[in-house]
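These are my notebook entries on the structure shown below. I set down what I looked up, entry by entry.

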Amino acid sequence: MPKIRSFQLILVIIIISILLPFIGLTNFKNTDNQKSPDVITIDLPTESTKNEMPAVDFLHTLHNKAADGKCAECHTQKDDAFIFKFKRTKETASMELYHDNCIGCHIGTKKKNEKAGPLAAECRSCHGADKTTGSSFAKIDFDKSLHFLHETSKNVKPLISSQSDNCSACHHKYNTETKQTYYVKGEEESCIYCHKDIAVEDARSLKGASHDSCVACHTALKDKNITTGPVTCKGCHDLKEQSKIKARLSKVEKDIPRFKRNQPDQVLITGLIAKKTSEKENPKYLMNPVAFNHKLHESKTNDCTSCHHKSLKKCNDCHTPKGSVDGQFISLEQVMHDKKSNRSCVGCHAEFAKQSDCAGCHAMMPKKLQKDSSCATCHNTKADMIPADLEAQKALAAKVVKKQSGDYKIVMNDKIPEKVIIGELSNEYKPSEFPHKKVVLAIAKRAEKSSMAKVFHKDQQTLCMGCHHNSPKSIEPPKCASCHGKNSDITNGKPHLKGAYHGQCITCHQKMEVKQVLPTDCNKCHEQNKTAKK
Amino acid sequence: MAISRRKFLSCIGAAALTTTTNGLSKAYGASNKHFKGHPDSFGILHDITKCIGCRKCEAACNKVNELTQPEKSFEDLSILDQKRRTDANIYTVVNKFKHDTRAPVFVKKQCNHCMEPACASACFVKALNKTKTGAVIYDESLCVGCRYCMIACPFEIPAYEYHKALTPRITKCTMCYPRLLEGKLPGCVEACPKEALIFGERDKLLKAAWQRIYRYPDQYLEHIYGEHEMGGTSWLYLSKHPFSKIGMREDLGKKSAPELTTGPLSAVPIVVGLWPVLLTGVYAISKRKDKIAKEEKEKAVAQTTALAKEDTEKKLEALREKMTREKTSAINFEVKKALEEAEKTDAADKTDDKAPEESGKEEN
């Protein structure tokens with residue numbers, strides 16, 4: 001008996017020793033593999049030149065749960081609202097503050113025989129501890145639809161109850177002398193104009209301001225058992241939660257009215273003015289102005305900051321035609337035509353042309369300076385027609401914009417060839433029967449979704465020029481083989497006929513994401529010729 | 001005096017070091033010039049953004065080089081999911097690289113036909129050669145099968161026919177050299193439906209490539225791979241994605257392999273030539289040391305001996321003088337005594353005058 005027992009014991013030990021590491025592993029995988037959006041990195045500015053401990057990744061949700069959701073455990077209260085800084089209001093954070101309060105609380109919890117965080121001397125449990133797999137934090141964009149939701153909410157109340165709208169609940173201005181905020185009707189601006197990434201003397205950081213205002217308001221409403229916005233990190237900063245919000249808002253998106261900020265519907269953007277010879281003379285404009293459809297552009301952007309990056313003033317208040325200090329000496333002309341900025345007209349339009357509906361043609365167009373003919377598309381009003389009166393200018397702009405959007409002419413259906421046989425090179429493969437009309441109509445359908453494309457293309461014939469490029473616009477453009485030879489010098493940038501055909505068709509299919517025709521599916525376009533000499 | 005092994009080696013090492021460092025610091029005729037390739041040599045531009053991964057180039061390569069057919073046909077594109085490299089029977093491969101969620105990127109890999117090939121510089125029988133067409137070609141009749149070229153190539157291209165026991169060869173892309181001589185395009189270039197490969201004079205291709213970069217700044221990196229890599233290659237590449245992320249080495253630098261090795265290698269003949277001189281020198285020095293020591297010793301011994309001799313002689317002389325003096329004084333004494341005696345006798349006998357005179361003469 002004793003012999004058998006010891007044998008069994010050994011067997012059990014062996015089995016356990018083999019399995020033990022795996023048990024640990026499976027546990028590890030199950031618990032720790034999820035990223036969460038609530039990781040707050042506490043990284044104080046360097047206090048001494050000595051080697052300092054690495055930053056602390058603080059898990060907010062875990063602590064929030066431990067505190068039973070009571071903000072007051074960690075955050076101080078000021079005028080019924082929480083200041084979302086750790087145990088302080090305006091002071092800068094110090095190491096002592098964190099050590100005393102964090103470890104103090106942990107000790108208290110431990111005394112109650114509850115599960116508690118690391119204590120003193122367990123430095124590395126907080127500092128540089130690899131507890132998390134990174135943060136999944138995502139910025140939330142307070143766009144038109146979220147704005148609309150707050151604008152129409154009964155729970156967002158204006159400062160003075162007599163006011164008809166609730167703009168004053170959030171929007172404010174700041175008096176630098178009295179150090180007080182105040183509200184002026186019709187001068188609301190975007191938060192980011194004052195609240196930057198980093199706090200400055202007279203304004204909190206955007207992060208500070210938005211948490212103090214948004215989260216405080218939400219928690220206050222929640223305490224009164226009123227349905228309100230998110231109060232946890234995850235509620236706003238988790239991608240899944242964000243998509244839920246978006247899905248909910250997409251229903252109301254179409255009904256979103258314009259912002260009420262006295263902005264024009266259409267406006268004339270004028271450039272340089274000639275020097276006046278006498279006081280009475282009307283200003284003489286040197287550049288054909290742009291009749292700009294402000295209303296339409298508002299509907300195409302998420303919020304005002306897409307263009308108005310520093311304030312809601314007019315562009316040429318800072319970016320004057322000749323440049324000024326306020327506009328950092330970037331002139332009106334530069335700022336509107338800058339290809340690299342996505343706030344400029346040209347830059348934003350070029351960015352738009354990168355989407356798959358446009359990229360089929362536009363991706364294959366080489367970078368070039370503006371063509372002479374394309375200037376007039378935007379500079380669509382004659383300079384000598386500009387009235388002196390601002391309202392009359394707006395009326396003129398509206399007229400021009402309306403005329404321009406109705407200008408698009410389509411090509412008559414019977415003028416589009418049904419099928420084109422491409423057999424110039426057929427050898428290994430039989431000639432390709434190219435469904436010309438089908439392709440033209442498919443391109444037209446996608447291109448004409450956009451009102452901008454219609455204005456810039458002017459008419460449907462422009463779409464023909466996507467493939468029949470580099471020749472004057474015509475209903476009967478030259479054939480590919482007219483320019484692309486079979487054996488010409490290829491290093492001058494012009495592909496051979498084979499490269500031209502495949503380049504045009506396949507690249508367009510790739511860029512427009514036409515999934516039905518794979519680039520490597522040769523037989524889809526031309527059947528293999530089994531009798532051909534290879 | 002015998003020289004130790006350690007001393008011998010350190011001497012050789014020091015000698016080698018001085019000659020090499022001299023070699024590096026001095027501007028040699030060869031390394032001061034930059035070889036820009038044969039004029040009008042050809043190249044191929046691979047525009048990675050245009051490649052669709054159809055494997056037509058692989059099929060064409062297989063056909064024109066009369067290689068054995070692979071198990072799976074070239075129309076099977078599933079093979080692109082593996083990372084492949086060239087081998088004895090495959091001169092070129094197309095690899096697929098996935099980039100975020102966008103469409104995958106396809107990159108063709110083959111011999112890059114360096115302007116100054118590492119393989120050719122490593123080959124000590126000149127079996128690999130850079131021709132004026134730009135192609136780096138292989139002459140199996142010269143090859144000794146050392147496979148140094150395989151180790152030298154930074155792109156890991158040359159392969160070896162390990163399966164052949166008696167006539168193994170090095171194999172790699174020839175840029176279709178035989179076809180070039182016939183005025184035909186390389187097989188892969190001819191087969192590419194998208195003109196992702198274009199053939200032409202390397203200089204013109206470089207211009208064409210830069211033109212593409214300028215005209216489509218969004219679509220290309222401002223970098224032509226092969227313009228300067230390893231001193232430049234005949235095969236040039238354009239890409240939108242960083243080359244290091246599509247399986248191409250970006251750590252190779254701009255110097256060609258021969259350029260990198262000229263310095264140290266140029267020292268080799270000097271070191272080899274120096275050895276006999278150095279060894280003889282070391283031997284001669286130690287020998288001379290022995291000789292000098294011996295000579296010095298002999299001299300010292302001779303000197304000491306001479307000194308001792310002199311000393312003894314001096315002593316002897318002194319002794320002799322002393323003895324002579326004593327003798328003389330003894331004689332004088334005897335003479336004096338005799339004279340006194342004679343005077344005594346003279347006084348006694350004045351008649352016998354002549355007798356002492358005669359005896360005095362005799363004494364002197």
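Entry on confidence. I began with residues 23–33 of chain A, over which pLDDT stays under 50. For this stretch of the predicted model I found two contacts beyond four places in sequence. Where pLDDT is low, the predicted coordinates should not be read in detail. I then looked up chain A as a whole: its mean pLDDT is 85, and 92% of its residues reach 70 or more.

Entry on a strand pair. I turned to β7 (residues 266–269) of chain A, which pairs with β8(A) in the antiparallel sense over four bridges. Within this pairing, A:V267 stands opposite A:F292 of β8(A). I next asked which residues cover the two faces of strand β8 of chain A, residues 290–293. A:V290 and A:F292 lie on one side, A:A291 and A:N293 on the other, and all are buried.

Entry on A:K314. I located A:K314 in the loop between α9 (294–300) and α10 (315–318) of chain A. Is A:K314 buried or partly exposed? It is partly exposed, because 13 other C-beta atoms lie within 10 Å. I also checked A:K314 against A:I42: they are 272 residues apart in sequence and 41 Å apart in space, C-alpha to C-alpha.

Entry on the two chains. I recorded that 17 residues of chain B are in contact with 15 residues of chain A. On the side of chain B that touches chain A, β8 (197–201) and α8 (202–215) of chain B each supply at least two residues. α8(B) gives the most to this side, with five residues.

Key. Residues are numbered from 1 along each chain as its sequence is written. Chains are lettered from A and ligands numbered from 1 in the order in which they are written. This is a predicted model: local features need pLDDT of at least 70, side-chain atom pairs count only at pLDDT 80 or more; totals for chains, interfaces and linings use all residues. Two residues are in contact if their C-beta atoms, placed from the backbone, lie within 7 Å. pLDDT is the predictor's confidence in each residue, from 0 to 100. A residue is buried if 20 or more other C-beta atoms lie within 10 Å of its own, exposed if 12 or fewer, and partly exposed in between; C-beta atoms are placed from the backbone. Two strands pair if DSSP finds at least two bridges between them.
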